[in-house]
Amino acid sequence: MLFHYYMIKHINKYNDKNVMWHFYRINREDRERLHQHRSMILWFTGLSGSGKSTLASILEEKLYCRGVSTYSLDGDNIRHGLCKDLSFNSNDRSENIRRVGEVARLMVDAGLVVLVALISPYRIDRQIIRDMCIKDSFLEIFVDTPMLICKQRDPKGLYHQVDCKKIKNFTGIDSIYERPKQPDIYLDGRKTISELMNQLLDLVLVKIFK
Ligand SMILES: Nc1ncnc2c1ncn2[C@@H]1O[C@H](COP(=O)(O)OP(=O)(O)O)[C@@H](O)[C@H]1O
Ligand SMILES: [Mg+2]
């Protein structure tokens with residue numbers, strides 16, 4: 001019901017009187033029954049190079065093998081299409097998150113477990129997505145990897161380019177990253193990938209098959 005409330009409240013700002021919500025006969029609960037698991041957003045946040053995409057990808061594979069219907073929305077991939085018109089200034093970063101959040105929410109309505117791997121540096125943007133989700137269908141997963149380690153990994157050479165002053169507005173360097181205060185799942189990015197996966201998979205399975 002919260003979802004419908006949100007939709008009615010946030011009606012199209014250009015045509016607010018005439019655009020109304022049409023209730024379809026099949027809803028999220030029906031689709032969850034079909035998929036035989038709960039649908040939700042698993043939102044990975046953390047610095048560039050912290051391990052978000054790596055962990056999301058392995059987790060998705062493990063869920064897939066257990067019969068979970070998934071989809072992944074990766075920050076880098078999304079910027080090739082849906083968000084390719086956006087820059088990295090703070091407004092566009094917020095818009096980037098808003099769009100991904102809306103798409104993720106549609107996918108939750110479709111009955112999927114949606115893995116989002118996005119730096120998502122601002123607390124308020126993550127909170128907005130949480131608030132528009134139905135209770136317990138948004139899990140914030142904080143991949144907490146120290147900047148020094150991210151810099152050492154630097155698989156895409158981005159930190160190197162920042163050092164050479166070729167990239168501006170880089171999160172953690174000249175653009176802020178607001179750490180989650182109370183993430184649903186905290187991952188210490190200094191641990192090995194398999195340690196983190198063991199921790200993550202159990203916590204997520206409990207939520208999906210609750
Ligand atoms: N826990 C970990 N331990 C060691 N290396 C890791 C770990 N997690 C990720 N990596 C490596 O760090 C690099 C960055 O990971 P990636 O998932 O691309 O980060 P992000 O998506 O957060 O930018 C990759 O080369 C990946 O293999
Ligand atoms: Mg990534």
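This is a predicted model: local features need pLDDT of at least 70, side-chain atom pairs count only at pLDDT 80 or more; totals for chains, interfaces and linings use all residues.
Helices (DSSP runs of H or I, at least four residues) and strands (runs of E, at least two) are numbered from the N terminus. Here, residues are counted from 1 along each chain as its sequence is written, with chains lettered from A and ligands numbered from 1 in the order in which they are written.

**View 1. Gly51 sits in the loop between strand 1 and helix 3.** At 17% relative accessibility, Gly51 is buried (buried means under 20% relative accessible area, exposed over 50%, partly exposed in between, with a 1.4 Å probe and protein chains only). Setting aside neighbours within four places in sequence, Gly51 touches Val143 and Arg153 (a contact means heavy atoms within 4.5 Å).

**View 2. Gly49 lies in the loop between strand 1 (40-45) and helix 3 (52-65).** Is Gly49 buried or partly exposed? With a relative accessible area of 26%, Gly49 is partly exposed. Beyond its neighbours within four places in sequence, Gly49 is in contact with Cys150 and Arg153.

**View 3. A UniProt "binding site" annotation, from an unreviewed entry, covers Gly46, Leu47, Ser48, Gly49, Ser50, Gly51, Lys52 and Ser53.** From this set, Ser48, Gly49, Ser50, Gly51, Lys52 and Ser53 belong to the lining of the largest pocket. UniProt positions follow the numbering used here, feature names are shortened, and annotations may be inferred rather than shown by experiment.

**View 4. The largest pocket holds about 810 Å³ of space.** Its lining has 39 residues, and Ser48, Gly49, Asp76, Ile119 and Lys156 are the closest to its centre. A pocket is an open set of points on a 1 Å grid over the protein atoms alone, where a 1.4 Å probe fits, with protein on both sides within 12 Å along at least five of seven lines; lining residues have an atom within 4 Å of a point. Grid points are joined across faces, edges and corners, and the volume is the space filled by probe spheres set on them. Helix 3 gives the most to this lining, with four residues.

**View 5. In the UniProt record (unreviewed entry), "domain: APS kinase" spans residues 38-188.** Over residues 38-188, the chain is 40% helix and 18% strand, and the end C-alpha atoms are 26 Å apart.

Notes: Side-chain values use heavy atoms; hydrogens and water are left out.
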